[in-house]
Amino acid sequence: MKQLPPQRRRTLPRWLKTVMAAAITCIATVWLVTLLPILLLAALVLSIALIPVTRRLKREMDEAGFSVDKPGSTLQRPDLNITPWYRKIRNFNFWRDVNS
């Protein structure tokens, strides 16, 4: 049985590869320059939409006793342990076993 000759790979000429790379670069540049104003406009709309959210957050922080204007000045409230009873039991048993 005759052996088939190896397949030749058709490679593009170097000048054609350079032209294709330059064309792709130009297309990508135009696309990005076109996309940038759209992204800036979307960021502007989103930031304007978040103004009421930040106002509400500030109001809720003030009601909770946190001050945005004076960092570190919070009302001293007693700490409240909200750990569920079954976790307290598990944690107590775990540390008791470890310490013995």
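I take buried to mean under 20% relative accessible area, exposed over 50%, and partly exposed in between, with a 1.4 Å probe and protein chains only.

**Basis.** I note that the model is predicted, that local features need pLDDT of at least 70 and side-chain atom pairs pLDDT 80 or more, and that totals for chains, interfaces and linings use all residues. Residues are numbered from 1 along each chain as its sequence is written, and side-chain values use heavy atoms, with hydrogens and water left out.

**Overall fold.** I looked up the secondary structure, taking helices (H or I, at least four residues) and strands (E, at least two) as DSSP runs numbered from the N terminus. The protein chain has three helices and zero strands, in the order α-α-α from the N terminus on. I then checked burial: of the 100 residues of the protein chain, 1% count as buried. The chain exposes about 10,500 Å², of which carbon and sulfur atoms supply 66%; accessible areas come from the Shrake-Rupley method with a 1.4 Å probe, and for residues only the protein chains shown count as cover.

**Segment before helix 1.** I found leucine 12 in the segment before helix 1. Leucine 12 is partly exposed, at a relative accessible area of 43%. Leaving out residues up to four places away in sequence, leucine 12 touches Lys17 and Met20, where contact means heavy atoms within 4.5 Å.

**Nonpolar patch.** I searched the surface for patches, which are made of residues with over 30% relative accessible area and no salt bridge, like charges being joined within 9 Å and nonpolar side chains (Val, Leu, Ile, Met, Phe, Trp, Tyr) within 5 Å. Leu41, Leu44, Val45, Ile48 and Ile51 form a nonpolar patch with about 470 Å² of accessible area together. Helix 1 (residues 14-49) gives the most to this patch, with four residues. I located isoleucine 48 in helix 1.

**Helix 2.** I recorded that helix 2 (residues 51-64) has 14 residues and reaches 20 Å from its first C-alpha to its last, close to the 20 Å expected at 1.5 Å a residue. The expected span is 1.5 Å times one less than the number of residues. Glycine 65 follows helix 2, and its phi is positive, near 105 degrees.

**Salt bridges.** I counted two salt bridges in the structure, each being a side-chain nitrogen of Lys or Arg within 4 Å of a carboxyl oxygen of Asp or Glu. Arginine 56 pairs with glutamate 60, their closest N and O atoms being 3.0 Å apart. Both lie in helix 2, four residues apart, about one turn of the helix. Glutamate 60 is partly exposed at 38% relative accessibility.

Aspartate 62 and lysine 58 form a salt bridge at 3.3 Å, N to O. These two are also four residues apart in helix 2, about one helical turn. Aspartate 62 is partly exposed at 40%, and lysine 58 is partly exposed at 36%.

**Aromatic pair.** I applied the ring rule: rings of Phe, Tyr and Trp (its six-membered ring) pair if their centres lie within 6.5 Å, with planes under 30 degrees apart counted as stacked, over 60 as edge-to-face and the rest as tilted. The count comes to one aromatic pair. The rings of tryptophan 85 and tyrosine 86 have centres 5.8 Å apart and planes at 85 degrees, so the pair is edge-to-face. Tryptophan 85 is exposed, at 62% relative accessibility.
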